[in-house]
Amino acid sequence: MAENKTEFQCSGVVGGDFEAVRKKGIEFDPPLYKQRYFFVKDLVNQHKTKKVADLGCGDNTLLWILKIHSCAELLVGVDINDSVLHYSRNKLSPSWGDQLSPRDLDLTVTLYIGSAVERDSRLRGFDLITCIELIEHLNSEDLARFPEVVFGYFSPSMIVISTPNSEFNPLFPSGNALRDLDHKFEWNRMQFQTWALDVANRYNYSVEFTGVGEPPAGAENVGYCTQIGIFRKNEAKATKLCISEQDDEHVYELFYTELYPSLQQEKVRKFVVLNEVYRQVYLMRRRFIKILDPLAASIFNSADCDPAKVEERRLLGPPLFTDARLAEIRLLGPPFTEAEKTEFILLGPAFTEAEKTKIVNSPKPFCVDSLQCNILMFFVLELYVECDK
C-alpha cells in the first residue's frame, strides 16, 4: 500500500512528465539544510523559547544559529557520534565579540554523547526539542521507542520533527532510491502524517504539518522536499507522565559545556563598566587634544617649523576652529611649554583644593579595584571640570 500511495502521488505531476522535470535538475536557494535550520530559527524567535535541545545535532550548525537569540538560556545538543562533536564543538565557543558585548541573560551550551532513544533526566521539561532529519536513521526497534522517550519522558512543550518526503525523490537523478545510505526508510506524506497523528494522540500533543523545499514548476503536487511536523503539548490535557521514573537518570556522557559571558555575572559587569569608562576617558582625551591643536598649529606655521609636521598638518585638513575662536584661545594666556602641554594632554589641568575636596566627597562609583577606580574617576571628573570652564 505504501508503494501504491507513492506512485499515486507521483502521478500528480502535471502531464505526468517526471523525466522532463528531472532533467532540469533540482536546486534549492538557500540550500535545503539551511532552510530547515532557518525554519527552526524563526520558530524560536516567534515563541521566545529559552531551553532548546537538538537530538542528532551532528555538526552543531543549528545550535550555532540559535545561540544568537537573546531569549535562549540553555542549548543542548545530543549525538551518538562523538567524533563529529569533537570536530565541530569549537564553533560553539564564545568569541571575542561575546566578551566585548556580553548577553543580558546567561546562556549555557552543552553537548552530550548519547542516543535519542535513551532517557536522561537532564532533557526533561524543555521548551523545544528538535529532531531534524533524525527519525529516518532509526531502525524499527528504535523508532518504536522514540515516542515513548521524546514525547513521554522528555515531554517538552514543543517538538519539531523533519524527515524526507519520498514523493519528491523521483525528481532527483537517483529516482526512487533513498537519499542517504544510512536511511532505514523514507516516508511519503500519508505515512508520516499517520505516524505523527497517532503519536500526538497518545501523548496529548497537537500537530500541524508543513515543510521546506518547494517543488519545481510542474511538480507542485508532490509536496515539499522535506516534510515537517510541529507538535505542541496540550496543556489543558497534560498529565505528569513517567512519575515513577527517577529524576536523576544521567545516561548521556557530558562532552562539552560552556557558559557564555552575560551581564548576570559580576565579573562581566565590572569588565563592561571599566571598558566603558576607558572608552569615555579616551574620547574626552581626544577632545582635549583637539582643543590644544590650534596652539600647535600656530607653532607649526612659524619659520622654524619642522617641514614634515607642516606637511602632516596640511594632510589633516583645515583647522577645527574658526579664526574668531583661534583668537579667543590665544587671548587665554601665553603658550604652554612643551612639558606643560605634554602634562596637560596626559593628565589634564591641576585641581584647586576645593575641587579636590568635591571629588573626594562624591559618591563612589562601581569599581573593580578601589585604587584603579579612584584613579580613573579622578581623571574623568577632572576632564568634566575642565569642560565646564
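Trp96, Leu100 and Phe271 make a nonpolar surface patch of about 400 Å². Such patches are made of residues with over 30% relative accessible area and no salt bridge; nonpolar side chains (Val, Leu, Ile, Met, Phe, Trp, Tyr) are joined within 5 Å, and like charges within 9 Å. Accessible areas come from the Shrake-Rupley method with a 1.4 Å probe, and for residues only the protein chains shown count as cover. Phe271 sits in helix α9, residues 266–300. Phe271 is partly exposed, at 39% relative accessibility. Here buried means under 20% relative accessible area, exposed means over 50%, and partly exposed lies in between (1.4 Å probe, protein chains only).

This is a predicted model: local features need pLDDT of at least 70, side-chain atom pairs count only at pLDDT 80 or more, and totals for chains, interfaces and linings use all residues. Residues are numbered from 1 along each chain as its sequence is written, and side-chain values use heavy atoms, with hydrogens and water left out.

Now take the whole chain. It has 14 helices and 8 strands. These are DSSP runs, numbered from the N terminus: helices are H or I with at least four residues, strands are E with at least two. Of the 389 residues in the chain, 41% are buried. The chain exposes about 22,200 Å², and carbon and sulfur atoms supply 55% of that area. Contact means heavy atoms within 4.5 Å. Among contacts between residues at least 6 apart in sequence, 78% join residues at least 24 apart.

Next, go inside. A nonpolar core is a set of buried Ala, Val, Leu, Ile, Met, Phe, Trp, Tyr and Cys residues joined through side-chain atoms within 4.5 Å. The largest one has 38 residues, and Leu75 and Leu111 have the most contacts inside it. Several elements each supply at least two residues of this core, including α3 (32–47), β3 (107–113) and β8 (253–260). Helix α3 gives the largest share, 6 residues. Which residues does Leu111 touch, leaving aside its neighbours within four places in sequence? Among them are Cys57, Leu63, Leu85, Leu92, Leu254 and Phe255. Another core lies apart from the largest one; it has 36 residues, among them Ala116, Leu134, Phe185 and Tyr203.

Phe126 is a loop residue, placed between β3 and β4. Is Phe126 buried or exposed? Phe126 is buried, with a relative accessible area of 1%. Leaving aside neighbours within four places in sequence, its contacts include Lys51, Val52, Leu74, Val76 and Pro156. Phe126 and Leu75 are 51 residues apart along the chain, yet their C-alpha atoms are separated by 9.8 Å.

Two cysteines are also worth a look. Cys57 is buried at 3% relative accessible area, and Cys225 is buried at 0%. A disulfide is a pair of cysteine sulfur atoms within 2.5 Å. By this rule the count is 0 disulfides.

Turn to charge. Side chains of opposite charge can pair when their charged atoms come close. A salt bridge is a side-chain nitrogen of Lys or Arg within 4 Å of a carboxyl oxygen of Asp or Glu. The whole structure has 9 salt bridges. In one of them, Glu208 pairs with Arg232, and the closest N and O atoms are 2.5 Å apart. Glu208 lies in strand β6 (residues 205–212) and Arg232 in strand β7, so the pair ties together parts that are 24 residues apart in sequence. Glu208 is partly exposed at 40%, and Arg232 is partly exposed at 25%.

Another salt bridge joins Glu266 and Lys270, with closest N and O atoms 3.2 Å apart. Both residues lie in helix α9, 4 residues apart, about one turn of the helix. Lys184 and Asp182 form a further salt bridge, at 3.4 Å between the closest N and O atoms.

Finally, check the backbone. A cis peptide bond joins Asp29 and Pro30, with omega about 0°. Pro30 lies in the loop between α2 (18–24) and α3. Lys48 is not a glycine, but has a positive phi of about 55°. Lys48 belongs to the loop between α3 and β1 (51–55) and is partly exposed at 49%. Ser155, also not a glycine, has a positive phi near 50°. Ser155 is in the loop between α7 (140–154) and β5, and is buried at 16%.
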